[in-house]
Amino acid sequence: MESDIRFLRDLEQDLQRAVVRERKRALGGSRAWKWAPAVAAVLVVAWGIGAVVENPGTLRVFQGSEESTADGGSAGGGGDAGSRKILPEAAPSPMPVEGPESWSVGDERARGDGALSGFDDVAEEQAGSPTVDRDPASATAFGDLSKIIRTGRMRLKVADGTFRDARDAAVAIAEGAGGFVLDSRVEGRAGTFTLRVPAQRFDPVMTRLGRLGDVELEEQNGQDVTAEYVDLTARSEILTARRDVIQELMDEATSLQQTLLLQNRFDEVQLQLERITGQLRFLNDQVAESTIRLEIVERTAPQQRQELVDNPSLLEAWKRGIQGFLNVLAVAIIGLGYLLPLLVAIGVWFGIKEAMKRRRRS
Amino acid sequence: MPDARSDTELLLASRSEPSAFVEVYRRHADELLRYVAGRVLDPEVAAELTAETFAEAFASRGSYRDTGAEGVAWIYGIAKHQLGRYFRRGRVDTAARKRIGLPERPLPPEDYERIEELVDLEPFRAALVEALGTLDEDQRRALELRVVDGLPYTEVAARLACGEQAARQRVSRGLRKLALLLQERGLQPATEVTS
């Protein structure tokens, strides 16, 4: 440049440099790349939100959507251990259903036999809280007047590969409470157990079981059998009295006919009495021990895992990969839905800013 | 080797070939600086406005459309817009230079005189003398010595008993105030430059 003004010559140099920068930017790709990190961040956040929303165990607030967890769970899990590695948040660690502490199944195992001794700690904690009214102490307050049979049902989802741990922990909890496993049925990576625990330990046991995984379903029933119990007790007393009278009459009987007649009556009463005593014993047992039906299921459908081991075909792997990808995508889209209002707001803000910039320039 | 393309062609080409813009700059930078200096009088402001104008043109060369007029008219349009903003706000924008990464350079000392030489103060010397009365003592003295008496800066500095660069700055600031003042009174400091 032939200008004799140095400022203009310098400015030309500066413009040349700007041209070089511009060329580099053009070579480096479109301006869209500038937005790539932001878009990636939004997608990751959306996916996280989607995973949280789809996994009811992660946040209890979303309990309303529990019905769809069968899909959501497998979506979050990605179907196999491989995708879990890529997406570690896929299987959020179990959160406490209630109570202040959170123990994962792993912790439960780490305590090992401690589940037995650990139980007492919990029982004591619970005894201090007003929600537990079935402690021995308060039970005496009601005396034998109130007879309630309590039953519970719980369905737990646990992280893949932890079914065995969860089962062991559940058994330990039941036994630690002085109960036992009445029956169990295990099928692959899922199982159903019937636990019997002392009635006064029902609440703490339910609480502890709930900590083993994501509670999909929890049900507690109380059947008041007080009236039936009182009735049976009264009849038992009457029959006892009648039996005693018959026995006295038998002792005083003089004829064989009389004796035979009274013997028949005695047997009749005795049979009735035994039947009623049996019913009373059954009721007492039912009241004294609660029944809990516990289902434990791993997040991933058991059949799929089985197939992976038995038939590791490339086609299957490909299909499962695609399915996993679609699941992740679906979760991200759900999350985007939640983010939509925010994204719209940000878009409007940028739009206004851009428009103002343009107006100022023109 | 001179580029045979017209300004319009260069500006259109610069969208995908940014170096074409530099050619436009080479052709018109001096003239634009003269045009701006004739309006703001102050060499510092004139240089800054020129830089900002070309930066703005470079940054928004993508929005240039061939309207049939000479391509350079578009750049003068941007300059006018910048001038208007300068007169309204009393300062030069830096947004466009920042956007394309141009550094803000101070005016080299030797450029003060050269830019002043570009401006023909003759047409409004009368208004100038009148406007001088509204300036600070320092700035008025400097302006009188430099503009009215036409002394070189070495002499102006000697008379004011200050450094040469300080003298330049006093004249520069005085001219800046003067231009703003004349603008306020509706007196254009210089006649329209035809390109």
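Me: How many residues of chain B are in contact with chain A?
Reply: In this predicted model, 24 residues of chain B are in contact with 19 residues of chain A, two residues being in contact if their C-beta atoms, placed from the backbone, lie within 7 Å.

Me: Which helices of chain B supply that side?
Reply: At least two residues each come from α2, α3 and α6 of chain B, and the largest share, 7 residues, belongs to α2(B). Helices here are DSSP runs (H or I, at least four residues), strands likewise (E, at least two), and both are numbered from the N terminus.

Me: And how do the residues on that side divide into nonpolar, polar and charged?
Reply: The side of chain B that touches chain A has 15 nonpolar, 3 polar and 6 charged residues. Ala, Val, Leu, Ile, Met, Phe, Trp, Tyr, Cys and Pro count as nonpolar, Asp, Glu, Lys and Arg as charged, and the others, Gly among them, as polar.

Me: Before I go on, what are the numbering and confidence conventions?
Reply: Residues are numbered from 1 along each chain as its sequence is written, while chains are lettered from A and ligands numbered from 1 in the order in which they are written. As this is a predicted model, local features need pLDDT of at least 70 and side-chain atom pairs count only at pLDDT 80 or more, whereas totals for chains, interfaces and linings use all residues.

Me: OK, chain B itself: how many helices and strands?
Reply: Chain B has 10 helices and 0 strands, and of its 195 residues 45% count as buried. A residue is buried if 20 or more other C-beta atoms lie within 10 Å of its own, exposed if 12 or fewer, and partly exposed in between, with C-beta atoms placed from the backbone.

Me: Which residues touch the most other members of the largest nonpolar core?
Reply: They are Leu33(B), Val36(B), Val40(B) and Ala46(B), in a core of 62 residues, to which helix α2 (residues 19–40) of chain B gives the most, with 12 residues. Such a core is a set of buried Ala, Val, Leu, Ile, Met, Phe, Trp, Tyr and Cys residues joined through C-beta atoms within 7 Å. Leaving aside neighbours within four places in sequence, Ala46(B) is in contact with Leu33(B), Val36(B), Ala37(B), Val40(B) and Ile115(B).

Me: Which residues of α6(B) are buried?
Reply: In helix α6 (residues 109–118) of chain B, the buried residues are Asp111(B), Tyr112(B), Ile115(B) and Glu116(B). Seen down the axis of α6(B), they fall within an arc of 135°, so they line one face of the helix; the arc is that of the directions from the helix axis to the C-beta atoms. Their cover includes α1 (6–27) of chain A, together with α2, α3 (43–59) and α10 (164–184) of chain B.

Me: Switching to chain A, what is the strand order in the open sheet?
Reply: The 5 strands are ordered β2-β3-β5-β1-β4 with mixed pairing, two strands being paired if DSSP finds at least two bridges between them. β2 (180–187) and β4 (214–224) of chain A are the edge strands, each pairing on one side only.

Me: How do β3(A) and β5(A) pair?
Reply: Strand β3 (residues 190–198) and strand β5 (residues 289–298) of chain A pair in the antiparallel sense over 9 bridges. Phe193(A) stands opposite Leu294(A), and Leu195(A) has Ile292(A) as its bridge partner.

Me: And β2(A) with β3(A)?
Reply: β2(A) and β3(A) are also antiparallel, over 7 bridges, with Phe180(A) opposite Arg196(A). Their hairpin has 2 residues between the strands, and Gly188(A) takes a positive phi near 60° there.
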